[in-house]
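Please read the report below with the sequence and the 3D structure at hand.

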Amino acid sequence: MGRDLGSAVNALDGLLDRLRTKIDETGPRTTDFTSRWHDERVAARIGAALGTCFTVCFVTGLLSHFVQHPQPWFVWPAHPASLYRYTQGLHVLTGIAAVPLLLVKLWTVYPRLFGVPRLGGPVRMLERASVAALVASALFQLLTGLQNIAHWYPWGFSFPPVHYALAWVSIGAIAVHVAVQLPAIRLGLSRPLQPLGDHAEGPPPEGPSRRWLLGAALAGAAGAVLATAGQTVSWLRWVSVLAVRTGEGPQGVPVNKTARGAGVLTAATDPGWRLTVTGPGGTRSLSLADLTALPQHDVDLPIACVEGWSAVATWTGVRVRDLADAVGAGPDASLRFTSLQASGGYRVSELPARHVRAAESLVALRVGGEPLALDHGYPARLIAPSRPGVLQTKWLSRIEVI
Ligand SMILES: Nc1nc2c(c(=O)[nH]1)N[C@H]1C(S)=C(S)[C@@H](COP(=O)(O)O)O[C@H]1N2
Ligand SMILES: [Mo]
C-alpha cells in the first residue's frame with residue numbers, strides 16, 4: 001500500500017516535471033512582455049490606489065453589515081441622520097472606482113504568470129495561493145456588487161452573506177500580498193515614473209508613457225464614479241449616465257419593491273387596516289384616522305438603500321417614541337416593526353433604543369405633503385435617521401416592544 005502510494009507520487013512528479021520542461025521550452029516568459037506598462041512602478045502606484053479603495057470599501061461594508069446584524073459591542077449612532085447615506089455611498093463608489101483600477105493593475109502584472117514555472121517551496125506556494133485568492137475574490141466581489149446595484153441576481157446564492165464572507169477573504173489576501181510585496185512596493189513607489197535617464201535604459205520608448213497609463217487608470221476610476229454618483233449626490237445626476245436610480249419614482253423617491261410586488265395591494269388598501277402597538281403597558285390598535293389625530297411631526301430624512309442610491313424627502317407622521325411611550329416602553333426598549341407583507345426578507349425590522357428615542361424617527365403617513373403612495377408604504381411606514389433602506393419597513397402592520 002505504502003509502496004503503491006510512493007510510486008504513484010513518483011509518477012505524478014515525473015509527469016509534472018515533463019510538463020514544466022515543456023512550458024519552459026515553449027511558453028512565454030515574463031521577459032517576453034516588453035511593454036513599458038508591465039512595470040512595478042505603475043503596479044505599485046495603481047496598487048496603492050486600489051488598496052485604498054478596497055480598504056474604504058471593506059470598512060464601510062463592515063459598518064453596513066453590523067447595522068443590519070447588531071452586536072452588543074457595536075454602537076451605531078442615530079446622528080448625523082445622513083451618516084449611513086455617506087458610509088454606504090462611499091462603499092458603492094469605492095467599489096466602482098476599484099473596477100478600472102483592478103483591470104489596469106492586472107494588465108500591468110499579468111506577465112508574471114509566466115515568470116515562475118517552478119512551484120517552489122511552501123512559502124512561495126502560499127504566496128501564489130494568496131495572489132490567486134486575492135484576484136479571484138476581488139473580481140468576484142466587484143462583479144457581484146455591480147450586479148447587485150443593477151438589481152440583477154443571476155446566481156442561486158443569497159448575495160449579502162456571500163459578499164460578507166468573501167470581503168474577509170479579499171482583505172486578508174490583500175494584507176498577505178502587501179506584506180510579501182512590501183520591498184517591491186517600496187521600490188516601485190520610490191522610483192519616479194519617468195526618470196530622466198529613461199531613454200538610456202534601451203531603445204527610445206514608443207507609444208503612450210507609463211504616466212499616461214497611470215493617468216488613464218485614475219481618470220477611468222473618476223469617470224466610473226461620476227457616472228454613478230448621481231444616485232446619491234443629487235447635483236451630479238446630469239452626468240450619471242450609469243446610475244441605476246436617479247430619483248425617479250412616485251413623490252420623487254425611487255421604489256425598490258412595489259406594493260404589487262410585495263403582494264400587499266389588498267391588505268394595504270383595506271379600510272379595516274389597523275396598526276397594533278404592543279408593549280408592557282398593553283396593546284393599542286390604531287386606525288389611520290387615529291394615527292392622524294395624534295401629534296404630527298415633519299422630518300427631512302433620506303432613504304439610503306444598501307445598493308448605494310439615496311433620496312431625501314420630507315416625511316410627516318407620528319413619533320415612534322410617542323407610540324412606544326403609549327404602551328409603556330422603557331427608555332432602553334427596542335422595537336420590532338412587522339409589515340403586512342406575508343413573505344420576503346425585508347418584512348420585519350428592529351429599531352434599537354437609541355433610534356426609538358431619536359425625535360426624527362417616525363411612523364410616516366405622508367411624504368412631500370401627500371399621503372404615502374402605495375409603493376412607498378401606504379398607509380404607514382417606518383422612517384428613521386442613519387439607517388439602511390432595508391430597515392425602513394413599509395406597509396406596517398405591527399409594532400412590538402422587545
Ligand atoms: N415591507 C417592506 N419594506 C421595505 C422593503 C420591502 O421589500 N418590504 N424594501 C426596503 C428597501 S430595500 C428600501 S431601499 C426601502 C425603499 O423605500 P421606498 O420604496 O419608499 O423608496 O424600503 C424598504 N422597506
Ligand atoms: Mo434597499
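Arg 398 counts as partly exposed because its relative accessibility is 35%; buried means under 20% relative accessible area, exposed means over 50%, and partly exposed lies in between, with a 1.4 Å probe and protein chains only. The side chain of Arg 398 meets that of Glu 400 in a salt bridge, at 3.6 Å from N to O. Arg 336, Glu 350, Arg 398 and Glu 400 are joined into one network by salt bridges that share partners. A salt bridge here is a side-chain nitrogen of Lys or Arg within 4 Å of a carboxyl oxygen of Asp or Glu.

This is a predicted model, in which local features need pLDDT of at least 70 and side-chain atom pairs count only at pLDDT 80 or more, while totals for chains, interfaces and linings use all residues. Residues are numbered from 1 along each chain as its sequence is written, chains are lettered from A and ligands numbered from 1 in the order in which they are written, and side-chain values use heavy atoms, with hydrogens and water left out.

Helices (H or I, at least four residues) and strands (E, at least two) are DSSP runs, numbered from the N terminus. Two strands pair if DSSP finds at least two bridges between them.

Which residue stands opposite Arg 398 of β10? The residue is Thr 276. The two strands concerned, β1 (residues 275–279) and β10 (residues 396–401), pair in the parallel sense over three bridges. Strand β1 has two faces: Leu 275, Val 277 and Gly 279 make the covered one, and Thr 276 and Thr 278 the uncovered one.

A hairpin with two residues leads from β1 to β2.

Strand β4 (residues 310–319) is largely enclosed by the rest of the structure, because eight of its ten residues are buried. Ile 303 of β3 (residues 297–304) has Ala 311 in β4 as its bridge partner. The hairpin of β3 and β4 has five residues between the strands, and in this hairpin Gly 308 takes a positive phi near 100°. Where β4 pairs with β7 (residues 362–367), the bridge partner of Gly 317 is Ala 364.

| Strands | Sense | Bridges |
|---|---|---|
| β1 and β2 | antiparallel | five bridges |
| β3 and β4 | antiparallel | eight bridges |
| β4 and β7 | antiparallel | five bridges |

## Salt bridges elsewhere

How many salt bridges does the structure hold? There are seven salt bridges. One of them joins Asp 39 to Arg 41, with the closest N and O atoms 3.1 Å apart. Both Asp 39 and Arg 41 are buried.

Glu 40 forms a salt bridge with Arg 191, the closest N and O atoms being 3.2 Å apart. This pair links distant parts of the chain, 151 residues apart: Glu 40 is in helix α2 (residues 40–68), and Arg 191 is in the loop between α5 (159–190) and α6 (210–229). Glu 40 has 23% relative accessibility, so it counts as partly exposed. Arg 191 is also partly exposed, with a relative accessible area of 29%.

## A nonpolar patch

Leu 12, Leu 15, Leu 16 and Leu 19 make a nonpolar surface patch of about 370 Å². Patches are made of residues with over 30% relative accessible area and no salt bridge, where like charges are joined within 9 Å and nonpolar side chains (Val, Leu, Ile, Met, Phe, Trp, Tyr) within 5 Å. Accessible areas come from the Shrake-Rupley method with a 1.4 Å probe; for residues, only the protein chains shown count as cover. Leu 16 is found in helix α1 (residues 2–26), and counts as partly exposed because its relative accessibility is 34%.

## Annotated regions

An unreviewed UniProt entry places the feature "transmembrane region" at residues 46–68, 88–110, 131–153 and 165–185. Residues 88–110 are 96% helix and 0% strand in the model, with end C-alpha atoms 32 Å apart. Residues 165–185 are 100% helix and 0% strand, and the end C-alpha atoms lie 28 Å apart.

The unreviewed UniProt annotation "domain: Oxidoreductase molybdopterin-binding" covers residues 271–401. That span is 14% helix and 41% strand, with end C-alpha atoms 26 Å apart. UniProt positions are given in the numbering used here, feature names are shortened, and annotations may be inferred rather than shown by experiment.
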